[in-house]
Structures are given as C-alpha cells and as structure tokens.
Amino acid sequence: MHAKDGTVWMGSGSGLLQYDSGRVRRFGATEGLVSPDVRSLAEGPDGAIWFGMLGGGLGWTKDGQVRQFGKKDGLPSEFIRGLRFDEKGALWICTAGGGLSRFYTGAFKTIGPEQGLPRNSLSDIQDDGRGRFWISAQGGIIRVSKDELDRCADGTLARVDAVLDGVEDGLPTVECSGGMQPASARTADGRLLFPTSKGLVVVDPARVRANPLPPPVAIEVMNVDGRPVVLRGRDVRSRRIEPGQAQFEFQYTGLSFVSPTKVRFRYRLEGLEPEWMDAGTKRSVNYSYIAPGNYVFRVTACNNDGVWNKTGAALAFTVLPYFWQTLPFRIAVATAAMAIVAIVVWAGTQWKMRRTMEAAERQRAVERERARIAKDIHDDLGASLTRISLLSESVSPEHHGSPQAMDALGQIFRTSRELVQAMDEIVWAVNPKHDTLDSLANYMASYAQDFLDAADIRCRLDLPVDLPGWQVTAEARHNLFLSFKEALNNAVKHSGATQVSIGLRTLGHGFAITITDDGKGFTPGEVVPTKGRASSGNGLANMRQRLKEIGGRCEVESKGRGTTIRLVLGE
C-alpha cells in the first residue's frame, strides 16, 4: 500500500513492513505485537496506518508508535480480513465470524445477524459512491445502506435492511475469496470487482436497479394441535379456539416473481409479543402455548431489495379460557379467599379474646382464693394467736410465784406477738386488694412507725400525697417488704441512729424507696460486730437477691456517717 507520504507499507506473516527511501523497518513481535499475521491495510485521515491481523486483532502505528486492539477493547473477533475508511473518518472492519465492526470516536460497535446482516464471516468491503457498502462474504455479496449502518452502530436503528446477492442473481458461486488484501477493488469507472472460487465477479452499481414492488403477503394456514382453523371471512367468532390447545402453527407466504427465494418475513403476535420478530426466509412459526385472550397475528415481507410491504397480513382469533380461567370465576375465588381470610382473622380474634377472658377469669379465681386464704388466716389462726397472747399477759406474779413459770409465760407472750405480726404480714401480702403502690406505701409507713417507736428512734416519713394507681404483684410486695424490714432491723441493731427517714419517689415506669439513718455508718463489705458476735453481711446480700428476683435492685451507700439504702423497682 502506498501511503500519502510516499512510503510503502506491506503486510507479512511475521508483522508489518515499511519501505522508505531504500530502508525497511519491521513492526512485529519485537515491538510487542501478538500474532502479527498482517492481512489488510488502510491509511487513516491523519496519516496513521491501520492493519488487520489474522488472530492478532487490529493494529495502529504512527511516528514509530504501535498499538494493538483486541476483544478486550470491544472487537467482536481478532481475525480481521478487510478494512475501509469512510468519508467521515470511521473505520469499518470485516471480521471472520464476528460480523462488521465500526471504530469511531475511540469506540467499537458491531453489526451482525442480530442487527440484520445476512452473514457473519466477511472478506472485504467496498464503497460504491452511491451511499451503499458492498461486502463480500462466505455466502454471497451483501449490499447495505451506509446511513443505516451508521444509525445502527449509533443505536438509533435496531436493524438494517441488507440484501444478499447469490447464485440466482448471477454469481458463479457464493464462496467469495478473502483473507488476503486485496479481496476486492473499485475501478476508475466505478465498477466493483470481487474474486470468488470460480472467477472474478464484476458489479456495476450504476446499472443495478432496485425492485420497487413490495411482495403481497398472505396467511395461508393456521393449525391448532395439528388441525386447521377456517380462515375465510372476517367473522372472528369462527376463529374461537377451545381451551386446552397446546400447539399453534401459522403458515404464511410472500409473492415475488423476481426473486422468490429472497423474500424475507417479520411477524408479531399482538397480545403476546411487543416487538416484531425476524423470521428471515422461513415461512412458518410455531407457538407451544398461548394463554386465553384475544390476539392478532400479523406478518409482513420484503422483496429481494429490502422493500417492505407496510400493510402485511393479519389474522384475529380468540383463545377461550376454561371456566376457572374466566374473570367471574377469578372474582369469585378472590371474594371467597377474602371471606376465608376474614373468617380466619375473626376466629383468631375470638380465640384470643376467649383466651384473654379465660386468663382474666383464672386471675380472678386466684385472687378470690387469695382473699379466702387471707380471711381464713385472719379469722381462725389470728383469733387463736391473739387469745393466747391475751391469756399469757393476764397472768400476774401473785397467781404464780414460780420464776420459771413467769419466764415461760413471757416467752409464750413474745412468741405469740411475733406470730401475730408475721400473720398480719402474710395476710397483707396474700390479700389481692393490697396489690397497689398506695397500699404498699401505707403498710410500710405504719410498720416503720410502730417498729421504730418500740426502739425509741424518731421516724420521719416523706411520702407523696397522691400516688398513681399502679399494680404491684404479691411477689413484688412480699420481697420489697422483707427487704424494707431488713433495712429497718439493721438500722435499729447496728447503726446507733436517733432518726430514720423513709421516702418514696416515683420514676418513669417505677418507684424507689429510700431508708436513711443518722447512725455511725459502715464500710460496705466489712464484718459488723453485734452483741459479741460477728455478722457476715448476709442481710445486704439477701436484700439484693430479693430485689433482683423481682427485676429491681438494691443500692447501699455509707460514707462514715449515716447509711442510705435505696430499693428500686422499674425505671
């Protein structure tokens, strides 16, 4: 190839050769080319040399620089047979097995059978100067509009209308030679030359006349499960397909006396296919299943020069549904389903309501039983213990002179009073009418006043006037009272206090009871001596354990003077 600058470029099996003023320069594996079997050459508008390789893809060189393009860059195939620049500087690339590719503005775009190109293995490409490309291929010579190729490569056109000329158009064979440049040529008078395995083909584009007549189209047969459907007349009711049919076949034809074998078809089943389907020269189409509904099968055709029949042929038909596929049945099923769901929801709601009512009834039964137990304890056991206490208290020294008898009676009196107190606490804890925060506060205040008065310690109460009507379970009240009682007992026995302050504060979702004394205090964890014995501190541990069991906590604070204990339930 003679370049514009006067140099000569040649391709070889081992690379690209440049001949300039008696000097030869080689571009091959040494310059980094992979599979540098050069088969075609083209000079770009900027003077760069482009070369196609059989297995090495596309190469480029200018001013001694070399670059190689392959599949990773967007080429559909790395076996290139022909190159051609158009007037706007786009490079068209004929590949073996990858169709036609365009390199423009730094990007590769490919046009193949899916875009309407009849063949995929191309040899060379020529411009006829009349707005068409002629491409030799393995299967004939393709002629196609350059504008359609550009629009297809740009993405504005889905398919090109390409025409494939074969033996019936005058070719001696459809096997066009290629693989070495030149595989085509254009003479000074505009004729195109293409070599084939049976001689040279000469095409004069100026004498090629397009067939302007679109072929008439007809739908000949509609088979349903192998049985033909009557197509005569316009009465759609005669083409109502019974439900349960599986196979549908449509046979159609296009009439052309010029080149009947080149009539190409497109079809579309409206109601199922949103786009036209390309059938090529195939004259029938099969559907394995068509859902119930109304459909129109449309088919159109083009002649050997790509002139399409814009009207085509159409066949309307209806596939009838089974009764369970009809709209009224579906509405009935949907209504029944909603009714079933409503019944299930209603039944579930009723079941939950019954469960809730049963649980409430069981709770009321438990509370009634607790009230009965409290009443029985108070009426029977309480009365007996109170009688014992009164009888033992009524005995005087003049009735019994024995000191041993007096000691025994004193022990009976103290024990009976302790039992009466314990029984009162049990009755209060069991009775469900005391399951409130207000009852808890009042009982603790009353107990603290009696207990501290007996120990000659001043009692100071700081309780809210109006307490919320919160429910406090019997277990929580029992554990809180035992911890409260243990705190008061410690203050009396170990602190040496003269005053104990008791407070109650409500929190966000709970409350806190505070017991504070002005005694000598202690260091938490130390052993506290009591009447010659040592306490191991189990009282504080028991208090913490009781609060933990009901989801609360016990806080103890002592800083050398006085002790504060907080019993917290909830937050």
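User: Strands here are DSSP runs of E with at least two residues, numbered from the N terminus. With that in mind, what is the place of D63?
Analyst: This is a predicted model. In it, D63 sits in the loop between β6 (57-62) and β7 (65-69).

User: Is D63 buried or exposed?
Analyst: D63 is exposed, since its relative accessible area is 71%, and exposed means over 50%.

User: And what is its phi, for D63?
Analyst: The phi of D63 is positive, about 55°, although D63 is not a glycine. Most residues other than glycine have a negative phi.

User: What about the phi of S35?
Analyst: S35 is likewise not a glycine and has a positive phi of about 50°. It belongs to the loop between β3 (23-27) and β4 (38-43). With 38% relative accessibility, S35 is partly exposed.

User: Which residues does the cis peptide bond join?
Analyst: Q181 and P182 are joined by a cis peptide bond, with omega about 0°. P182 lies in the loop between β15 (163-165) and β16 (185-186).

User: Moving to sheets, what is the order of the five strands in the open sheet?
Analyst: The order is β21-β27-β26-β23-β24, and the pairing is mixed. The edges are β21 (240-241) and β24 (277-280); each has a single partner strand, so one side of each is left without a neighbour in the sheet.

User: How many bridges pair β23 and β26?
Analyst: Seven bridges pair β23 (residues 264-270) with β26 (residues 293-302), in the antiparallel sense. F265 has A301 in β26 as its bridge partner.

User: What is the order in the open sheet of three strands?
Analyst: That order is β16-β17-β18, with antiparallel pairing. The edge strands β16 and β18 each pair on one side only. Between β17 (residues 192-196) and β18 there are five bridges, and F194 has V201 as its bridge partner in β18.

User: Now charges. How many salt bridges does a search of the whole structure find?
Analyst: The search finds 21 salt bridges. One of them is formed by K146 and E87, whose closest N and O atoms are 2.9 Å apart. This pair links distant parts of the chain, 59 residues apart: K146 is in helix α1 (residues 146-154), and E87 is in the loop between β8 (80-85) and β9 (91-95).

User: Is K146 buried or exposed?
Analyst: K146 is buried, at 10% relative accessible area, whereas E87 is exposed at 65%.

User: Which residue does K88 meet in a salt bridge?
Analyst: K88 meets D150, at 3.2 Å from N to O. K88 is in the loop between β8 and β9 and D150 is in helix α1, so the pair ties together parts that are 62 residues apart in sequence. D150 is buried at 14% relative accessible area, while K88 is partly exposed at 37%.

User: Where do D147 and R151 lie?
Analyst: Both lie in helix α1, four residues apart, about one turn of the helix.

User: Last topic, the surface. Which residues form the nonpolar patch?
Analyst: Y322, F323, W324, F329 and V333 form it, with about 490 Å² of accessible area together. W324 is in the loop between β27 (313-319) and α2 (327-394) and is partly exposed, at 42% relative accessible area.

User: And which residues form the positive surface patch?
Analyst: R130, R186, R207 and R209 form that patch. R209 is exposed at 63% relative accessible area, in the loop between β18 (199-203) and β19 (217-224).

Notes: Residues numbered from 1 in each chain as written. Predicted model: local features only at pLDDT ≥ 70, side-chain atom pairs only at ≥ 80, totals over all residues. Heavy atoms only, no water. Patch = residues over 30% accessible without salt bridge, like charges linked within 9 Å, V, L, I, M, F, W, Y side chains within 5 Å. Areas by Shrake-Rupley, 256 points an atom, 1.4 Å probe, with all protein chains shown as cover. Salt bridge = Lys/Arg side-chain N within 4 Å of Asp/Glu carboxyl O. Lys, Arg positive; Asp, Glu negative; His and termini not counted. Charge placed at Lys NZ, Arg CZ, Asp CG, Glu CD. Buried < 20%, exposed > 50% of the residue type's maximum accessible area, 1.4 Å probe, protein only. Pairing = 2+ DSSP bridges.
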